[in-house]
Amino acid sequence: MRRSKKPRPDAAFAARILDVLEATHPEARCALHYRSAFELAVATILSAQCTDERVNLVTPRLFARYPDAVALASADTAELEDIVRSTGFFRAKARSLIGFAKGLVDRHGGAVPKTMAELVPLPGIGRKTANVVLGHAFDVNEGVAVDTHVLRVGNRLGLVEGDEPGKVEAQLMALVPRGRWTRTTDLLIFHGRKVCDARRPACGVCPLFADCRWESRQAWALGRPPAVRRPENARPRASRRRDAHRPGRARATRAPVRAARARQRAKRGTK
């Protein structure tokens, strides 16, 4: 039996969602700490596969040691890796940071450019990072930064459909006026952290419950998380011999057999 498709969202639906989120989370903002476009770009590069909280613990030492692009471009790789180690993937991130800083120095005189076309070619800068920097550091709306929170919340609410950031960004840009693109990212991320959690969404207190198009919202609101269904084409689990993994259980299982054999031997011995 096929599930009914979610209604196609329109601009009015998106506006209603964002208005509710704006009223619910007026404090929503970029969680990374920064004082300049350079610091925001560096922090955003470090935030890949890492929490913003962890990045905010690392960047004070990082910016004290490398306050600008010129200093970061000439950084010692081993020293930089040690500073950013706790953010994960520290070797790749150190290479990206040094490459980004060298790109700024060589192509832009050490300053962070204000256009998508100039930002994206720089090492470590993808479209999502560029959207964050342009929107928050320069108040330029070139797109919608799509991270895991935006993907999850956008799909649950019914604003978008799919898990490819590029396609999801295009869907949001078609629904939301340009002036709200950066704000859309902040509101969806904040709602994803505060209410629409990945593992335990608080559907029972969600201000968007009536508008949400997620089929599991009712179950979560009632405190009965839906059971995880195995895909129809999923391969059956390979059978395992319990005795091979549980020696104690194996001995307990064989004990009655041994006792029976001992009784038989005892009977034969009395004849």
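Helix H2 spans residues 37–46 and helix H6 spans residues 90–108, and the two pack with their axes 10 Å apart at an angle of about 155 degrees. Because angles over 145 degrees count as roughly antiparallel, H2 and H6 are therefore described as roughly antiparallel to each other. The crossing in which H2 passes H6 is right-handed.

Charged side chains were also examined. Side chains of opposite charge can pair when their charged atoms come close, and in this model the count of salt bridges comes to ten. One of these salt bridges joins Glu22 to Arg183, with 2.8 Å between the closest N and O atoms. This pair links distant parts of the chain, since Glu22 lies in helix H1 (residues 11–24) and Arg183 in helix H11 (residues 181–194), the two being 161 residues apart.

As regards confidence, the pLDDT of the protein chain averages 90, and 85% of the residues score at least 70. Over residues 239–245, however, the pLDDT is below 50, and this stretch has four contacts in the model beyond near neighbours in sequence. Where pLDDT is low, the predicted coordinates should not be read in detail.

Terms used. Residues are numbered from 1 along each chain as its sequence is written. This is a predicted model: local features need pLDDT of at least 70, side-chain atom pairs count only at pLDDT 80 or more; totals for chains, interfaces and linings use all residues. Side-chain values use heavy atoms; hydrogens and water are left out. pLDDT is the predictor's confidence in each residue, from 0 to 100. Contact means heavy atoms within 4.5 Å. Axes are lines fitted to C-alpha atoms, for helices over the stretch in contact, and angles run from 0 to 180 degrees between N-to-C directions. Helices (H or I, at least four residues) and strands (E, at least two) are DSSP runs, numbered from the N terminus. Angles under 35 degrees count as roughly parallel, over 145 as roughly antiparallel, 65 to 115 as roughly perpendicular and the rest as oblique. A crossing is left-handed if the near helix is turned anticlockwise from the far one by less than a right angle, and right-handed if clockwise. A salt bridge is a side-chain nitrogen of Lys or Arg within 4 Å of a carboxyl oxygen of Asp or Glu.
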